[in-house]
Amino acid sequence: MVGKVEVAGPGFLNVFLAPDWCADALKEILADGSAYGTSRAGEGKRMLLEFVSANPTGPLVIVNARAAAVGDALARILRAQGHEVVSQFYVNDAGNQFQALARSVDVRVRQALGEAAELPENSYPGEYLVELVASWLAADPEGTRALAALPEAERIECLGRKAVAEIEAGQRAVLEAYGTRFESWAHEQADVRTRGLPERALAELEAAGHTYEQDGALWFRSTTFGDDKDRVLRKSDGELTYFAVDIAFHHYDKFGRADWVINFLGPDHHGYIQRMRAAMEALGHPAERFDALVVQLVTLLRDGQPVRMSKRRGEFVLMEELLEEVGRDAARFTFLTRRHDSQLDFDLAVATRQSADNPVFYVQYAHARVTSLFRTAAEQQVTVPPWDEVDFRPLTLPEEQTIIKRLLQYPSLVAGAARAREPHRVAYYLSELAGLYHPYYKSRRVITEDRELTLARLGLAAAVGQVVRNGLDLLGVAAPESM
């Protein structure tokens, strides 16, 4: 395994891998195939990832697309390391935001039926609700009029539930087109509030002495567990806070099904992490088993200039519009070219360009080049034996050895991405690997008069193609055979 060892100053040694050992290690990559880079390190560990979880008050937007790319890639990476993973979308269909949506829809229905109704304060003015109501009237005019004729409280509740169901269906359809599937869709109303989980959680906290009454409200002593201030659980008017509902959902639902819980949060939710850890610790869960990843905002550009695409919501860019413009692969890969907690500039012009400037094109093209090599080999009637019968020792060039060593780092790279919860590491790695392979492909002939060298170089190409394919699969991105 070791070619040579050199003294490199006081206290240091440089260890050089033997070229023959490196070359022969290609057989392991080729033998493992699609399993190369996987492990059983996480076997027996149950993990629940909640991501996207956009409020059902409107269509998904571009920051939701980023969260979906990061969350789905992390779930795939964790599964590749043997973890039992459940990805979950939580639908916040109760509380003030639901009421605001329901009242907004009620006004839009009455407006569509000719009434001079005005939107209340804190409502949703988006044009998408006008379109939603118009579709109801077109599909079922009598049913919509019947709903509008109900008593006010019943009418608002029914219209709100109908709107949530349709908006959620639209969100599901966009996520499906994006290649993101959730094993679990949980609803605040049906899965938490109706089951009385918040009241049970508050009773547990009170029984353990972790709450107190002040100014008519019920407070959680979260400072006991490292939070910067205590938190309200039940307001003086008897209404539960969102925090209290979330505590119950995490305690009974998430930790009832998993040993580790990871939430994806927006950039304005930093304070949420410590208070939820405090609550979980108070209820008997190790604080370190609740984690949260903050997904930063996205700035949309076209050739470096800010752009707005949405005609339906002027201040937001819709996820479906992004998919229409750049496609699933370019969107997902671009979102993974930066750490999730760093702001991202997404340039539409770059994402649709078929050049080395486009990171997904650059990586996918490496795979396409490998498959084209094997088509050429077949056309030239090059017979390729099983890889374990091929002698890879002719791969002695420095660039060949560099590529092989990078390929051999892939399993530890994936394992590190899983441990650190950083799927962008895989995208970085694939870009670097493509950056090594493209110049080699251009400068070195693979199919030559020397059969041994030809087979060895074809094997190297096959290993590159396999690793690129495996890595892209972890990111939910296709590996095309021609481009």
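These legends accompany close-up views of a predicted model.

**View 1. The largest pocket and its centre.** Start with the open space itself: the largest pocket holds about 1,400 Å³. It is lined by 46 residues, and those closest to the centre are Ser53, Ala54, Asn55, Asn64 and His269. By residue type, the lining comprises 25 nonpolar, 13 polar and eight charged residues.

**View 2. Helices and strands around the largest pocket.** Here we look at which elements contribute to the lining. At least two residues each come from helix H3 (62-80), helix H10 (242-257), helix H11 (270-282), strand E9 (260-265) and strand E11 (298-302). The biggest share belongs to H10, which supplies six residues.

**View 3. An open sheet of three strands.** The strands follow the order E6-E7-E8 and pair in the antiparallel sense. Strand E6 (211-214) and strand E8 (231-234) are the edges; each has a single partner strand, so one side of each has no neighbour in the sheet. From one strand to the next, the twist averages 40 degrees. Look along E6 and strand E7 (residues 217-220) to find the four bridges of their antiparallel pairing. As one of the pairs to pick out, Glu213 has Leu218 in E7 as its bridge partner.

Key. Residues numbered from 1 in each chain as written. Predicted model: local features only at pLDDT ≥ 70, side-chain atom pairs only at ≥ 80, totals over all residues. Heavy atoms only, no water. 1 Å grid on protein atoms, 1.4 Å probe; cavity = no way out; pocket = protein on both sides within 12 Å on 5 of 7 lines; lining within 4 Å. Points joined across faces, edges and corners; volume = space filled by probe spheres on them. Nonpolar A, V, L, I, M, F, W, Y, C, P; charged D, E, K, R; others polar. Pairing = 2+ DSSP bridges. Axes fitted to C-alpha atoms, helices over the stretch in contact; angles between N-to-C directions.
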